[in-house]
Amino acid sequence: MTKQIIQDLTKEALVEEIKPAFRAKQIYQWIYHKYVTSFEEMKNLPKEMRLALETKYTLSPLKTVMVQNSKDGSRKYLFELHDGHTVEAVLLKMRDKEYHEDGSVKHQERYTVCISSQVGCKVGCAFCLTAKGGFMRNLTAGEIVEQVRLIKKDNSIDANRRVNLVFMGMGEPLDNLAEVAKSVKIFADPEGMAIAPHRQTISTSGLSSKIEKLGKMELGVNLAISLHAVDDELRQKLMPINKAYNIESIITAVKNFPVNDRKRVMFEYLVIKDVNDDISAAKKLLSLLDGIKAKVNLIYFNPYGGTEFKRPSDEDMKKFQEYLTKRGLHCTIRESKGLDISAACGQLREQELEKSHG
Ligand code: SAH
Ligand code: SF4
């Protein structure tokens with residue numbers, strides 16, 4: 001009999017399983033505050049209970065097979081699942097300046113973890129390396145949660161340090177909505193990692209019907225849309241999913257999505273040289289987003305071996321950004337964090353698969 005992954009259980013589910021209820025809470029704290037890897041370490045539980053847990057559950061659904069460090073401090077992880085498949089996650093570190101009333105400036109490290117939701121992806125975007133390997137399977141909530149737990153443990157990130165999450169690793173999160181939604185709740189549990197939903201961002205290629213469904217769930221998560229093109233013809237070439245869910249349907253779904261008062265919907269725009277980097281696209285983008293509390297994140301296309309697409313010039317990126325910001329649209333350029341460790345989605349895994357296939 002294969003053991004159940006204990007991280008697959010929400011606290012409510014664990015409370016159902018383990019009596020008395022306070023024991024379930026203790027277990028949750030051992031897992032998510034102390035990052036233990038065995039039930040034996042749960043010292044305040046009775047021995048029989050530890051043994052019973054051991055026979056029924058596993059605490060280690062993922063094995064770290066590789067860690068790559070980037071010059072900018074990002075760390076990329078390759079994890080192996082129990083069936084041998086691998087997924088990636090990245091720890092991004094950003095230095096924030098905090099200005100205090102007494103005039104002092106404090107540098108604070110801010111952590112963001114980028115996590116995977118599937119092994120591979122069905123969506124098949126032309127520019128994406130994850131798509132090249134096809135789709136293998138969905139991750140369970142526990143396998144999603146464990147990526148963050150292992151990264152926090154490995155970097156000694158204290159349980160009460162603030163961490164942001166982005167579902168921007170491998171896979172299309174809305175194609176695995178049930179498990180992703182469950183993981184959002186497990187992440188947010190105050191007795192667990194306590195990562196509030198407004199610190200979690202779900203990035204989607206634009207499955208409009210699922211965006212509506214996610215909105216109705218009222219989880220409180222942030223939404224990011226991978227738009228990448230402003231007309232259906234080009235978007236269809238880059239992202240075949242656009243045939244099923246065109247730009248208009250995405251805009252409508254976004255307009256219906258419940259957005260936190262202090263937040264905006266993020267529109268990601270992957271800039272590819274000579275494909276979508278001209279000012280006419282910026283102009284169209286501006287009118288598309290009219291009436292939406294939006295912000296735009298321009299991403300440099302990150303080239304890899306065998307792709308026909310090219311990275312845009314810094315100058316064109318700047319011009320595109322300026323066009324939007326001058327007209328009042330929030331627009332940032334995503335620095336290619338961890339570029340030297342090939343941080344764009346699916347790239348580390350692909351390298352490893354290539355090596356192992358000779
Ligand atoms: N499937 C979801 C989330 C994972 S992809 C989505 O598409 O939104 C996360 C982001 O990585 C997407 O915005 C995607 O466009 C981007 N991406 C994919 N390939 C890339 C590449 N070669 N260079 C830079 N970004 C890339
Ligand atoms: Fe899937 Fe996102 Fe890659 Fe498109 S960009 S293939 S949706 S992971």
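His228 counts as buried, with a relative accessibility of 6%; buried here means under 20% relative accessible area, exposed means over 50%, and partly exposed is in between, using a 1.4 Å probe and protein chains only. Hi everyone, that is my way in today. This is a predicted model, in which local features need pLDDT of at least 70, side-chain atom pairs count only at pLDDT 80 or more, and totals for chains, interfaces and linings use all residues. Residues are numbered from 1 along each chain as its sequence is written, chains are lettered from A and ligands numbered from 1 in the order in which they are written, and side-chain values use heavy atoms, with hydrogens and water left out.

Back to His228. This residue is in the loop between β11 (222–226) and α8 (232–238), where helices (H or I, at least four residues) and strands (E, at least two) are DSSP runs numbered from the N terminus. His228 is not a glycine, yet has a positive phi of about 65°.

Which other residue has a positive phi although it is not a glycine? That is Asp274, at about 60°, in the loop between β12 (265–271) and α10. Asp274, however, counts as exposed, at 66% relative accessibility.

Now for the helix pairs. Helix α10 (residues 279–288) and helix α11 (residues 314–326) have axes that come within 9 Å and cross at roughly 30°. Axes are lines fitted to C-alpha atoms, for helices over the stretch in contact, and angles run from 0 to 180 degrees between N-to-C directions. The two helices are therefore roughly parallel, a label for angles under 35 degrees. On the α10 side, Ile279, Ala281, Ala282, Lys283, Leu285 and Leu286 meet Lys319, Phe320, Tyr323 and Leu324 of α11; contact means heavy atoms within 4.5 Å. By class, this α10 and α11 contact has 8 nonpolar, no polar and 2 charged residues. Ala, Val, Leu, Ile, Met, Phe, Trp, Tyr, Cys and Pro count as nonpolar, Asp, Glu, Lys and Arg as charged, and the others, Gly among them, as polar.

The second pair is α7 (residues 208–217) and α9 (residues 247–255), whose axes come within 9 Å and cross at roughly 5°. These helices are therefore roughly parallel as well. Ser208, Ile211 and Glu212 of α7 make the contact with Ser249, Ile250, Thr252 and Ala253 of α9. The class count for α7 with α9 is 3 nonpolar, 3 polar and 1 charged.

Where do the buried residues of α3 sit around the helix axis? Helix α3 (residues 47–56) has Met49, Arg50 and Leu53 as its buried residues. Seen down the axis, they fall within an arc of 100°, so they line one face of the helix; the arc is that of the directions from the helix axis to the C-beta atoms. Their cover includes α2 (21–32) and β2 (57–58). Turn to the other side of α3 and you find Lys47, Glu48, Leu51 and Thr55 exposed.

Last stop, Ser60, in the loop between β2 and β3 (63–69). Ser60 is partly exposed, with a relative accessible area of 41%. Beyond its neighbours within four places in sequence, Ser60 is in contact with Thr37 and Glu146.

Conventions. Angles under 35 degrees count as roughly parallel, over 145 as roughly antiparallel, 65 to 115 as roughly perpendicular and the rest as oblique.
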